[in-house]
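User: I have a structure open and would like to talk through its inside. Could you take a look with me?
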Amino acid sequence: MPFKPLRTLAIGGLLALGLSAVHADALDSLEAFVKTVKSGRAAFTQTVTSPPREGQAARSKTSSGSFAFQRPSRFRFDYTKPFEQTIVADGQTLWMHDVDLNQVTARKQADVLGSTPAALVAAAPDLAALRTDFDLKAAPDRDGLQWVEATPKAKDGQLSSVRVGLKPGDKGPELAALEIADSFGQRSVLRFTQVEINPALPASSFQFKPPAGADVLRQ
């Protein structure tokens with residue numbers, strides 16, 4: 001985010017020192033999160049806002065559910081409202097199950113996980129690994145959270161940028177929000193509540209078997 005021009009060198013120097021400290025804190029918090037939080041569980045709400053069409057206001061849709069992850073590279077989103085959908089990464093395959101359609105899509109996880117928001121919170125062991133796929137920079141604190149902006153290095157994907165919002169917790173930094181922008185102008189905001197840090201999660205949490213009769217599409 002650009003800063004307003006500073007009028008004097010002295011003021012500029014003082015503010016630069018202050019901003020550097022804030023930025024270092026945000027990146028340090030992200031590194032502490034990916035290094036020390038090996039598993040997690042939370043409830044979430046997700047609001048997706050599409051860009052306005054000519055003569056119309058922007059449209060938003062909200063969904064909610066639960067999220068869990070286990071490093072390395074295992075996570076699960078269970079959407080419960082308004083429609084049921086399950087997304088599971090088991091370490092090898094990324095499964096997506098649309099309950100209403102009874103349709104399952106299976107993709108090789110290594111091909112799709114790298115430059116995704118899930119990689120930021122559930123896969124990488126440290127910032128060095130994240131920097132393989134993302135350019136990282138700290139953003140100003142907002143809404144009581146520290147923010148890190150991640151921009152994918154690959155320019156051929158749909159993801160434009162991700163902002164990770166972190167807050168301090170009893171056991172270290174906690175994931176509080178993700179703000180995701182794509183190349184189509186769509187914005188998705190996830191807010192996490194009821195966060196549990198390093199819970200013991202059963203292996204079955206990250207296993208998926210297509211339901212009987214489901215259409216399975218492998219990509």
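Predicted model: local features only at pLDDT ≥ 70, side-chain atom pairs only at ≥ 80, totals over all residues.

User: Which elements give two or more residues to the lining?
Analyst: Strand S1 (39-50), strand S2 (59-70) and strand S11 (187-197) do, and S11 gives the most, with four residues. Among the lining residues are Phe 33, Phe 67, Phe 69 and Phe 192, along with Arg 41 and Glu 196.

User: And how does the lining divide by residue type?
Analyst: The lining has nine nonpolar residues, one polar residue and two charged ones.

User: Switching to aromatics, how many pairs are there in the whole structure?
Analyst: A search finds nine aromatic pairs. In one of them, the ring centres of Phe 67 and Phe 192 lie 5.6 Å apart with the planes at 50°, so this pair counts as tilted. The pair links distant parts of the chain, since Phe 67 is in strand S2 and Phe 192 is in strand S11, 125 residues apart.

User: Are those two buried or exposed?
Analyst: Phe 67 counts as buried at 5% relative accessibility, and Phe 192 is buried with a relative accessible area of 6%.

User: What about Phe 77 and Tyr 79?
Analyst: Their ring centres are 6.3 Å apart and their planes are at 25°, which is under 30 degrees, so the pair is stacked. Phe 77 and Tyr 79 are both buried, and they belong to one aromatic cluster that also includes Phe 67 and Phe 192.

Notes: Residues numbered from 1 in each chain as written. Heavy atoms only, no water. 1 Å grid on protein atoms, 1.4 Å probe; cavity = no way out; pocket = protein on both sides within 12 Å on 5 of 7 lines; lining within 4 Å. Nonpolar A, V, L, I, M, F, W, Y, C, P; charged D, E, K, R; others polar. Phe/Tyr/Trp six-rings, centres within 6.5 Å; stacked < 30°, edge-to-face > 60°. Buried < 20%, exposed > 50% of the residue type's maximum accessible area, 1.4 Å probe, protein only.
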